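Dear colleague,

I am handing over the structure below, and my notes on it follow. Please read them with the coordinates open beside you.

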Amino acid sequence: MKAWWKPRTLRFRLALWYALGGTVLMAAFSATLYLFVAQRLAAPLNQPLRADLAIIQARLRVEPAGSISWDGRAMPAAARWETSDPWFELWDEQGRLVRRCWPFTEDRLDRVPAAPTRGSDTLSVFSIAADIPLRVYSTPYPTPAGPWMIRVMRIHEPAADALAALLAIILFALPVVVALLVAGGYLITRRWLRPLERMTRQAESITAENLGQRLPESGGGDELGRLAATFNRTLGRLEDSFRTLDQFVADASHELRTPLTTLRSVGEVGLRRGRTVEEYREIIGSMLEEAQRLHRLVERLLELASAEGGGKQVHREPVQLDQLAAACVQELGLLAEHKQQQLSLTAAPCRVQTDPVLLWPALQNLIDNAMKYSPAGTTIRIAVAAGAGECRVSVTDAGPGIPAGQRARLADRFYRAEGARAGGGFGLGLAITQAYMRALGGRIDYAPAEPTGSCFSLILPADRPRGEGS
């Protein structure tokens, strides 16, 4: 069954289920209607027959010898019967007619009823002439002479023929209705699924070279319209990712080209003529310096790829943010003294659930950037504070600050604000920090410092003590 069903189209499946469901419902409705009408029609038609049977049982007597009396008087075999009297037949246990009492003469009859089925109650219609249909009720009739059968008869009312007409109408109409259900279900599903076919054709034509194309949206707000809108948003994100990747490759190529070109140029200049040992030392030193720059750039690119690609596994544990910030400040303090700068820490107790291995380089990047762009003799302020369910560690430098029009691109790869290129670096620090904070479930924030400088903050959810809020 599955092998036959699975390759069928959704349109075929919907139409088939629609037809099967409609057929079952129509058949059940038709059967219920017929049984209800039959019961309502049969009750008033059969009640007079049962009333006649009660009258017969009260007025008829059968003796053990088989003689019959009516109202206490012997009934002759050819007794004349009035129309107003109940009509009936008596059949003995051998299936032989004992007595037939009705007002019809032999010349009026085309045929007579056959013997009834013994031992069961039956209701039927029988025509003894073209213009005389009889409705008959046959039932066992115990007598002293043996287990006989009695058949009570009345003229069949024309209204009862409506039941047969109803059955004929149902048998004729049901296949027609089922055929209409199948055709209608197929046409309706075909019309409803037409937008899906258009989306399928359009999706098959979209490749990496034309990600700007979008699926057609029905605009009606139905499920297919929402599906197309969701796919279009996904395509938009893919297009942005491809564009960002292309830009990243172009920027990385540009940044890698500079030290490689310098290495080649210095080497070519050094080989043009013979030189002294000191000159060769200077040339090799310059080449090593560019090689080290190239090495640092490759390391930063690998670090960024690992942070953004999920290569860094997050192992959360309770961490005192103030203690981690103090350790980071102590480690970078010697570098600050070498640059004739000072690191000032103001820390309030604050605990977070995070991975200290990932949080440490994120904070280190901010402090390193602050030292890189702050002039000698200035103080870089680090503050740890808690509030509103969050812990924040802020790094405020005394550098030139960042113009308002350039702040939106601070976390872009290889982006450096105006005036920041003199500080060195590759423009990857904030991108790596943002990737780490995204992995830790936190965020990075920026605000200008007064009177000059920048304030970068790492924000993480505070770790609530056990039992709080439960």
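Is arginine 443 buried, partly exposed or exposed? Arginine 443 counts as partly exposed, with a relative accessibility of 41%, where buried means under 20% relative accessible area, exposed means over 50% and partly exposed lies in between (1.4 Å probe, protein chains only).

Before going further, please note that this is a predicted model, in which local features need pLDDT of at least 70 and side-chain atom pairs count only at pLDDT 80 or more, while totals for chains, interfaces and linings use all residues. Residues are numbered from 1 along each chain as its sequence is written, and side-chain values use heavy atoms, with hydrogens and water left out.

Salt bridges

Nine salt bridges are counted, a salt bridge being a side-chain nitrogen of Lys or Arg within 4 Å of a carboxyl oxygen of Asp or Glu. Arginine 443 is joined in this way to glutamate 390, with their closest N and O atoms 3.1 Å apart. This pair links distant parts of the chain, since arginine 443 is in strand β14 (residues 443-448) and glutamate 390 in strand β13, 53 residues apart; helices (H or I, at least four residues) and strands (E, at least two) are DSSP runs, numbered from the N terminus. Glutamate 390 is partly exposed at 27% relative accessibility.

Arginine 392 and aspartate 445 also form a salt bridge, their closest N and O atoms being 3.6 Å apart. Arginine 392 belongs to strand β13 and aspartate 445 to strand β14, so this pair ties together parts that are 53 residues apart in sequence. Arginine 392 is partly exposed at 29% relative accessibility, and aspartate 445 is partly exposed at 32%.

Elsewhere, the side chains of arginine 100 and glutamate 89 meet in a salt bridge at 2.5 Å, N to O. Because arginine 100 lies in strand β5 (residues 97-101) and glutamate 89 in strand β4 (residues 87-91), the pair ties together parts that are eleven residues apart in sequence. Glutamate 89 is buried, with a relative accessible area of 0%, whereas arginine 100 is partly exposed at 23% relative accessibility. Glu89, Arg100 and Arg151 are linked in a network of salt bridges.

Leucine 363 touches Leu324, Ala325, Cys328, Val393, Val395 and Leu458, contact meaning heavy atoms within 4.5 Å and residues up to four places away in sequence not being counted.

Helix α6

The 18 residues of α6 reach 26 Å from the first C-alpha to the last, close to the 26 Å expected at 1.5 Å a residue, where the expected span is 1.5 Å times one less than the number of residues. At leucine 332, α6 bends by about 40°, the bend being the angle between axes fitted to the seven residues ending there and the seven starting there. Leu332 is one of the buried residues of α6, as are Asp322 and Gly333, and what covers the buried residues of this helix includes β9 (317-320), α7 and β12. Just after α6, glutamine 340 takes a positive phi of about 60°.
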